[in-house]
Amino acid sequence: MRYNAVIFDFDGTICDTGEGIMKSAKYALEAFGYEVGDYEELKYFIGPPLLITFQEKFGANAAKADELVRKFRERYTNKGVFESELYEGIKPLLAALKKDGIKLGIASSKPQDYIETLLDHFGIKSYFDVICGVTFTADCESKSSIIARCQKELDTQGNLCLMVGDKKYDIEGAKSNLIDSAGVLWGYGTKFEHIEAGAKFILDKIEDIEAVALGFYEQTEEIHGIFNGRIISVHTDDVTLVDGTQAQREVVDHPGGVAIVGLTEENEVLLVRQFRYPYKELIYEIPAGKLEKGEDIKEAGIREFREECGAVAKNFEFLGEIYPSPGYCGEIIRIFCATGLTFTQQDLDDDEYLDVIRLPFSECVAKIMSGEIKDAKTIAGILKLKELKKL
């Protein structure tokens, strides 16, 4: 099912505002003599209305809570609001959703002035059709009511609208308005919290929001292990599609790898020629290898380049990543360009037999176009370098 509108929570979903909120809460509490520990212990201030949190967590009466809120804003308005970071990937996501023709809204318990200040600060205000926060004088409005306002202004039916948030208040507010919800795990909520609140989707990655909005997302329900080898593991997963139907996927897990287009001063590419057992064939490839657990991708590229080709590069430039077999395998290959080369000894594995060959860059391109070079990472790396460097 495709949604025609997505409503976002703000704190913990679009923007990591935690530091400023928690530090300002600590500032207010200490000003009134409350004993508090480290500001990072005050995460429960992120999401619900401040007035309620000061009462529920610190036993303040309504009048005292109101004073605490005013003290909070004394710091937050001028300093705390800017102790925030936009979650990486949010801006491209918003651009993609707008390109998909989906209307976007914000429904947040945060004062609207703060929301708009940060949207302007991060340059994303123009992506939103509707922004619904609270006022400084009426900041105890329920999340359900804020979502209802946003939905009405977006002029969309509940079954065509998706609420995205990081806390149970977002999920419960969506449910009370008969709206589907997605709980996200990069903010301040937990998977259990989202399950207990009744989220239809639980998302690990920001990009997953577009997949849900377009009706493509597949949510993992159960994983059945089949094989766990030295490099790969294999499992079958039970998944739920966006329309609620069940399906099964066969998956190969791979730690990922690196590949290097090594370019000499003579504009020659370093290739390795080796026998690849699955194809029973000798093939040309750029040097490559798998990532070790926890290994930095650049350091892995430097290591593999030296081990396979006996080459050390002065310059190591990242060219991007590719998904070589997305239909069944989660492998990601990160490709680098290496220049300024000097040479030392190879350090091959005991079961590794290969020749290092130097071919003019133009000849590599010709072999790709003729089909003589078939390896996907080699084709992607060389043609991407050709386009980037106009070689």
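**Contacts, a patch and some rings**

Analyst: Starting with Lys 26. Beyond its neighbours within four places in sequence, Lys 26 is in contact with Val 36, Gly 37, Tyr 39 and Leu 42. Keep in mind that this is a predicted model.

User: Where does Lys 26 sit?

Analyst: In helix α1, which covers residues 18-31.

User: And which side chain does Lys 26 join in a polar contact?

Analyst: That of Glu 30, at 2.8 Å.

User: Switching to aromatics. How many pairs?

Analyst: The count is 13 aromatic pairs. Take Tyr 44 and Phe 58: their ring centres are 6.4 Å apart and the planes are at 50°, so the pair is tilted.

User: What parts does that pair tie together?

Analyst: Tyr 44 is in the loop between α1 and α2 (50-58), and Phe 58 is in helix α2, so the pair links parts 14 residues apart in sequence.

User: Which residues are in the cluster linked by ring pairs?

Analyst: Tyr 34, Tyr 44, Phe 45, Phe 54 and Phe 58.

User: How accessible is Tyr 44?

Analyst: Its relative accessible area is 29%, so Tyr 44 is partly exposed.

User: New topic. Which residues make the nonpolar surface patch?

Analyst: Phe 275, Tyr 277 and Leu 282 make a patch of about 360 Å².

User: Where is Tyr 277 found, and is Tyr 277 buried or exposed?

Analyst: Tyr 277 is in the loop between β13 (268-276) and β14 (281-285). Its relative accessibility is 58%, so Tyr 277 counts as exposed; the cut-off for that is over 50%.

Conventions. Residues numbered from 1 in each chain as written. Predicted model: local features only at pLDDT ≥ 70, side-chain atom pairs only at ≥ 80, totals over all residues. Heavy atoms only, no water. Helix = DSSP H or I, 4+ residues; strand = E, 2+ residues; numbered from the N terminus. Polar contact = N/O pair within 3.5 Å; in protein donor to acceptor, adjacent residues only side chain to side chain. Contact = heavy atoms within 4.5 Å. Patch = residues over 30% accessible without salt bridge, like charges linked within 9 Å, V, L, I, M, F, W, Y side chains within 5 Å. Areas by Shrake-Rupley, 256 points an atom, 1.4 Å probe, with all protein chains shown as cover. Salt bridge = Lys/Arg side-chain N within 4 Å of Asp/Glu carboxyl O. Buried < 20%, exposed > 50% of the residue type's maximum accessible area, 1.4 Å probe, protein only. Phe/Tyr/Trp six-rings, centres within 6.5 Å; stacked < 30°, edge-to-face > 60°.
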